[in-house]
Amino acid sequence: MGSEQPPESRSSDDDRRRAGDPHGARGESDASAEDATSTSTTERGSRDAASERPVSVDDLFELLARPGNRFTLAYLSRADGPVPYEDLVENVVDGAETPGDLSRDDFRDQVATRLVHSNLPKLDDAGLVEYDRERRTVRATEATAVAVPYLELAMDQFPAE
């Protein structure tokens with residue numbers, strides 16, 4: 001059962017610091033371990049940090065508000081590995097309705113441009129996809145699964161006609 005001492009007789013890290021021990025109960029080895037941990041986290045880079053932190057609900061809903069992002073995440077959640085960028089563009093074009101004032105080729109160009117310059121970088125920054133610009137591939141990440149329940153709900157609410 002924990003400490004049976006009254007609160008006034010328990011010492012804290014703050015008390016030890018005031019008494020001249022700058023490391024409190026932890027000691028120097030623990031402080032060094034903390035420094036090494038924070039250094040290694042910093043060295044991993046922003047991509048790893050983004051993929052390790054969960055996507056906030058607000059960010060997820062903001063990203064899912066764009067149809068291109070929904071088609072992208074739904075397609076990638078079913079894919080087995082990296083998907084060629086061109087296949088992703090075709091999937092989005094096939095899933096969306098071509099606006100009446102655009103030809104299918106013009107719409108494809110518009111979708112491709114939007115994916116490259118807006119959608120994929122934002123999804124990549126959120127850790128929901130990995131977008132390899134050099135290889136022109138996109139793949140799902142572990143975080144992609146976060147969006148799947150919301151995608152399924154949206155698909156149930158708006159069935160294909």
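When I say contact today, I mean heavy atoms within 4.5 Å. Hi everyone, and thanks for coming. What you have on the screen is a predicted model, in which local features need pLDDT of at least 70 and side-chain atom pairs count only at pLDDT 80 or more, while totals for chains, interfaces and linings use all residues. Residues are numbered from 1 along each chain as its sequence is written, and side-chain values use heavy atoms, with hydrogens and water left out.

Let's begin with the overall layout. The protein has 8 helices and 3 strands; these are DSSP runs numbered from the N terminus, with helices being H or I of at least four residues and strands E of at least two. In order from the N terminus, the elements read α-α-α-α-α-β-α-α-β-β-α. Of the 161 residues, 25% are buried, meaning under 20% relative accessible area with a 1.4 Å probe on protein chains only, where exposed is over 50% and partly exposed lies in between. Among contacts with a separation of 6 or more, 51% are between residues 24 or more positions apart.

Now the core. The largest nonpolar core has 27 residues, and L73, L115 and L128 touch the most other members. By nonpolar core I mean a set of buried Ala, Val, Leu, Ile, Met, Phe, Trp, Tyr and Cys residues joined through side-chain atoms within 4.5 Å. Two or more residues each come from helix 4, helix 5, helix 6, helix 7, strand 2 (129-132) and helix 8 (144-157). Helix 7 is the top contributor to this core, with 6 residues.

Helix 6, residues 85-95, buries Y85, L88, V89, N91, V92 and V93. Those buried residues pack against helix 5, strand 1 (83-84), helix 7 and strand 3 (137-140).

Next, please find L128. Beyond its neighbours within four places in sequence, L128 contacts V55, L60, L63, L73, L123, A140, T141, A143 and T144. A polar atom of the T141 side chain lies 3.4 Å from the backbone oxygen of L128. With residues up to four places away left out, T141 touches G127, L128, V129 and E130. T141 and G81 are 60 residues apart in sequence, yet 9.6 Å apart in space, C-alpha to C-alpha.

Over to N69, which belongs to helix 5 (residues 67-78). N69 is buried, because its relative accessible area is 2%. Which residue's side chain makes a polar contact with that of N69? The partner is N119, at 2.9 Å. A polar contact here is a pair of N or O atoms within 3.5 Å; within protein, one must be able to donate a hydrogen and the other to accept it, and residues adjacent in sequence count only if both atoms are side-chain atoms. Setting aside residues up to four places away in sequence, N69 touches L63, N119 and L123.

One last stop: the lining of the second largest pocket. By class, this lining has 4 nonpolar, 2 polar and 6 charged residues. In that scheme Ala, Val, Leu, Ile, Met, Phe, Trp, Tyr, Cys and Pro are nonpolar, Asp, Glu, Lys and Arg are charged, and the others, Gly among them, are polar. Helix 4 (57-64) and helix 7 (104-125) each supply at least two lining residues, and helix 4 gives the most, with 3. Thanks, everyone!
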